[in-house]
Amino acid sequence: MGILEKFERFEGEGAKRYEKAVSRLSPILYHHAIHDLRKLGMKGRYLEAGCGPGILAVKVARELGVEIVAFDLSESMIEIAKKQAERERISIDFRVGDAENDYFGEYDVVYSTFSLHHWSNPERGLKNLWKMVKRGGILYILDARRSRFFGHGLRFEDFKQLFESLTNTEKVEIKKRFPLMVSAIAVKGI
Ligand SMILES: C[S@@+](CC[C@H](N)C(=O)[O-])C[C@H]1O[C@@H](n2cnc3c(N)ncnc32)[C@H](O)[C@@H]1O
């Protein structure tokens, strides 16, 4: 099993292994997300999709002082996330859920990191998340960027196409991020 594959298992021991690795790498992995979300300056209710062990949700709740609902397909990840928030004394509503099919209501900001390329149908998932963004609200995604030298994540052009297929967008901004990442912000029309 390759190194990356080992960290691509999200149930049981795989979830514990992922959490351990990510806790060490979190300053690098979440640097752009924290910076970008802070820059949006949106107050209100946030929804995190594919939150994994909840490390980013805890940081966002603490640093931005916003109310967060966070979900993941993996029950093991949600168990770890709940314990993490308890230890950090942060209140976050963690739920088991599927980005492609579940509806959790409407939010000022819906965001997700390093999860979209794992969805069986990213287009369906993105459109589903878009439904949960309030008018004037924001969808933010950060993910791995596939290239000739890095076989993980989505190619920049495919990612761009996904965002361009959303309807009722007031603004869409897609950027290559260092290293090997891509981010997108879509603002919903009023
Ligand atoms: C690489 S981890 C990323 C976790 C976390 N967002 C982070 O940045 O560390 C991918 C996560 O996406 C979750 N996932 C995969 N498909 C999903 C889906 N359809 N709906 C919700 N979560 C999903 C996995 O269970 C896993 O926890």
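Colleague: Which elements do the buried residues of helix 4 pack against?

Modeller: Bear in mind that this is a predicted model. Helix 4 covers residues 55–64, and its buried residues are Ile55, Leu56, Ala57, Val58, Val60 and Ala61. They pack against helix 2 (13–29), helix 3 (31–40), strand 1 (45–49), strand 2 (67–72), helix 5 (75–87) and strand 4 (107–113).

Colleague: At what angle do the axes of helix 3 and helix 4 cross?

Modeller: Start with the contact itself. Ala33, Ile34, Leu37 and Arg38 of helix 3 meet Leu56, Lys59, Val60, Glu63 and Leu64 of helix 4. That contact holds six nonpolar residues, no polar ones and three charged ones. The crossing is right-handed, the axes come within 11 Å, and the angle is roughly 35 degrees.

Colleague: Which residue just after helix 4 takes a positive phi?

Modeller: Helix 4 runs over residues 55–64. Just after it, phi is about 60 degrees, and the residue is Gly65.

Colleague: Is Phe114 buried or exposed?

Modeller: Phe114 sits in the loop between strand 4 and helix 6 (122–131). Its phi is positive, near 55 degrees, though it is not a glycine. The burial cut-off is 20 or more C-beta neighbours within 10 Å. Phe114 has 20 inside 10 Å, so it counts as buried.

Colleague: And how does Leu180 count?

Modeller: Leu180 lies in the loop between strand 7 and strand 8. Its phi is also positive, about 55 degrees, again in a residue that is not a glycine. Inside 10 Å it has 15 C-beta neighbours, so Leu180 counts as partly exposed.

Colleague: Which residues does the cis peptide bond join?

Modeller: Look at the loop between strand 7 (169–177) and strand 8 (181–188), where Pro179 is placed. Omega is about -10 degrees there, and the cis bond joins Phe178 and Pro179.

Colleague: Which residues come nearest to the ligand?

Modeller: The shell around the ligand divides into ten nonpolar, six polar and three charged residues. Of these 19 residues, the nearest are Phe10, Gly50, Gly52, Ala99 and Ser115.

Colleague: What is the radius of gyration of the chain?

Modeller: The chain has seven helices and eight strands. Its C-alpha trace spans about 40 × 40 × 30 Å along the principal axes. A compact globule of 190 residues would come near 16 Å, so the chain agrees with that at 15 Å.

Colleague: What share of the residues in the chain is buried?

Modeller: Take the contacts with a separation of 6 or more: residues 24 or more positions apart account for 63% of them. Of the 190 residues, the buried ones make up 35%.

Notes. Residues numbered from 1 in each chain as written. Predicted model: local features only at pLDDT ≥ 70, side-chain atom pairs only at ≥ 80, totals over all residues. Buried ≥ 20, exposed ≤ 12 C-beta atoms within 10 Å, placed from the backbone. Helix = DSSP H or I, 4+ residues; strand = E, 2+ residues; numbered from the N terminus. Contact = placed C-beta atoms within 7 Å. Near = placed C-beta within 6 Å. Nonpolar A, V, L, I, M, F, W, Y, C, P; charged D, E, K, R; others polar. Axes fitted to C-alpha atoms, helices over the stretch in contact; angles between N-to-C directions. Left-handed = near helix turned anticlockwise from the far one by under 90°. Rg over C-alpha atoms; globule rule 2.2 N^0.38 Å.
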